[in-house]
Each structure stands twice: as structure tokens, then as C-alpha cells.
Amino acid sequence: MVRIHFHESFYSNVRQGLKTQTARIDEPHYPLGKAIADFSNGLSLPIEITGISFKTITNMSMDEVQKDGFESKEKLWEALIGFYPNLKEKNPLMLVEFRCILD
């Protein structure tokens with residue numbers, strides 16, 4: 001099963017459905033369907049990947065930024081630079097849409 005790694009600070013937002021997208025660079029193209037969200041604190045959650053798209057930070061809509069759990073492109077950019085220090089604004093991001101599927 002596909003596993004996507006997340007920083008532990010995103011656990012609550014993923015679990016509560018407040019974060020339903022993650023922006024990635026230089027990662028494999030994830031298939032749609034069931035997957036596991038693994039967090040850096042050792043916890044995990046079942047998710048379903050529902051969509052994949054590619055955009056630059058500049059071309060992202062506010063809806064997409066909010067799906068990622070951020071209130072502005074600037075806040076999202078700050079977080080992305082923390083994970084990908086060499087990221088440039090022109091680099092395409094893989095936007096992975098998902099939903100938490102707790103039974």
C-alpha cells in the first residue's frame with residue numbers, strides 16, 4: 001500500500017479533515033485509491049487519494065492553499081521552503097488531494 005509521509009504537526013488537521021491536500025516536489029506520482037498517511041511521530045491514518053494535479057505556487061488558487069491547511073500562499077510557501085530549501089516559485093508542485101477514511 002502507498003505510504004505518504006507527513007510532519008507530525010499535520011496529524012490533527014488530517015484526522016479532522018482540515019488538511020485534504022499536500023504539495024510535493026520530486027516524489028513519485030501517487031496512484032488514486034487507498035493509502036496510509038505516516039507521520040514523523042510514528043502515528044498513521046488511513047487516507048484515500050482522490051486527485052493529483054501539478055501547479056506552481058503562483059498558479060494555485062486560494063481554495064487549493066486552504067485545502068493544504070494554510071491561510072495564505074505566503075504561509076504555504078514558508079512551510080514548503082522548510083521542507084524543500086531549494087524550491088523555486090517556477091517549480092511545479094504535485095498537489096495530492098486526499099480524504100481521511102477513519103471507520
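These notebook entries record what I looked up in this predicted model.

**Entry 1. Ground rules**

I note that the model is predicted, that local features need pLDDT of at least 70, that side-chain atom pairs count only at pLDDT 80 or more, and that totals for chains, interfaces and linings use all residues. Residues are numbered from 1 along each chain as its sequence is written, and side-chain values use heavy atoms, with hydrogens and water left out.

**Entry 2. The sheet**

I looked first at the strands. Helices (H or I, at least four residues) and strands (E, at least two) are taken as DSSP runs and numbered from the N terminus. I count two strands as paired if DSSP finds at least two bridges between them. In what order do the five strands of the open sheet lie? I read the order as β1-β3-β4-β5-β2, with mixed pairing. At the edges stand β1 (2–6) and β2 (21–24), each of which pairs on one side only. From one strand to the next the twist averages 40°; for this, axes are lines fitted to C-alpha atoms, for helices over the stretch in contact, and angles run from 0 to 180 degrees between N-to-C directions. As background, strands of a sheet pair through backbone hydrogen bonds, either parallel or antiparallel.

**Entry 3. Pairings, one by one**

I then followed the sheet across. β1 and β3 are joined by five bridges in the parallel sense, and H5 stands opposite D38 in β3. β3 and β4 pair in the antiparallel sense over six bridges; A35 has I47 in β4 as its bridge partner. The hairpin of β3 and β4 has four residues between the strands, and G42 in this hairpin takes a positive phi near 95°.

β4 (residues 44–55) and β5 (residues 93–100) run antiparallel and are joined by eight bridges. Within β5, I find L95 as the bridge partner of S53 and V96 as that of I52. β2 and β5 also run antiparallel, with four bridges, and A23 stands opposite L95 in β5.

How many of the seven residues of β3 are buried? I find six, for the strand at residues 33–39, which is mostly covered. β5 is mostly covered too, with six of its eight residues buried.

**Entry 4. The largest pocket**

I next looked up the largest pocket, whose volume is about 170 Å³. The search uses a 1 Å grid over the protein atoms alone: a cavity is a set of points where a 1.4 Å probe fits but cannot get out, and a pocket is an open set with protein on both sides within 12 Å along at least five of seven lines; lining residues have an atom within 4 Å of a point. Grid points are joined across faces, edges and corners, and a volume is the space filled by probe spheres set on the points.

Which of the 16 lining residues are closest to the centre of the pocket? They are F10, T22, A23, R24 and F83. β1, β2 and α3 (73–83) each supply at least two lining residues, and α3 gives the largest share, four residues. By class, I read nine nonpolar, three polar and four charged residues in the lining. Here Ala, Val, Leu, Ile, Met, Phe, Trp, Tyr, Cys and Pro count as nonpolar, Asp, Glu, Lys and Arg as charged, and the others, Gly among them, as polar.

T56 is in the loop between β4 and α2 (62–67). T56 is buried because its relative accessible area is 16%. Leaving aside neighbours within four places in sequence, T56 is in contact (heavy atoms within 4.5 Å) with E89, K90, N91, P92 and L93.

F70 is in the loop between α2 and α3. Is F70 buried or exposed? F70 counts as buried, since its relative accessibility is 16%. Not counting residues up to four places away in sequence, F70 touches F10, K19, V65, K75, L76 and A79. F70 and K19 are 51 residues apart in sequence and 8.5 Å apart in space, C-alpha to C-alpha.

D26 belongs to the loop between β2 and β3. D26 has a positive phi of about 55°, although it is not a glycine, and counts as exposed at 77% relative accessibility.

Q16 lies in the loop between α1 (11–15) and β2 and is exposed, at 57% relative accessibility. The C-alpha atoms of Q16 and F98 are separated by 12 Å, with the two residues 82 apart along the chain.

Terms used. Buried means under 20% relative accessible area, exposed over 50%, partly exposed in between (1.4 Å probe, protein chains only).
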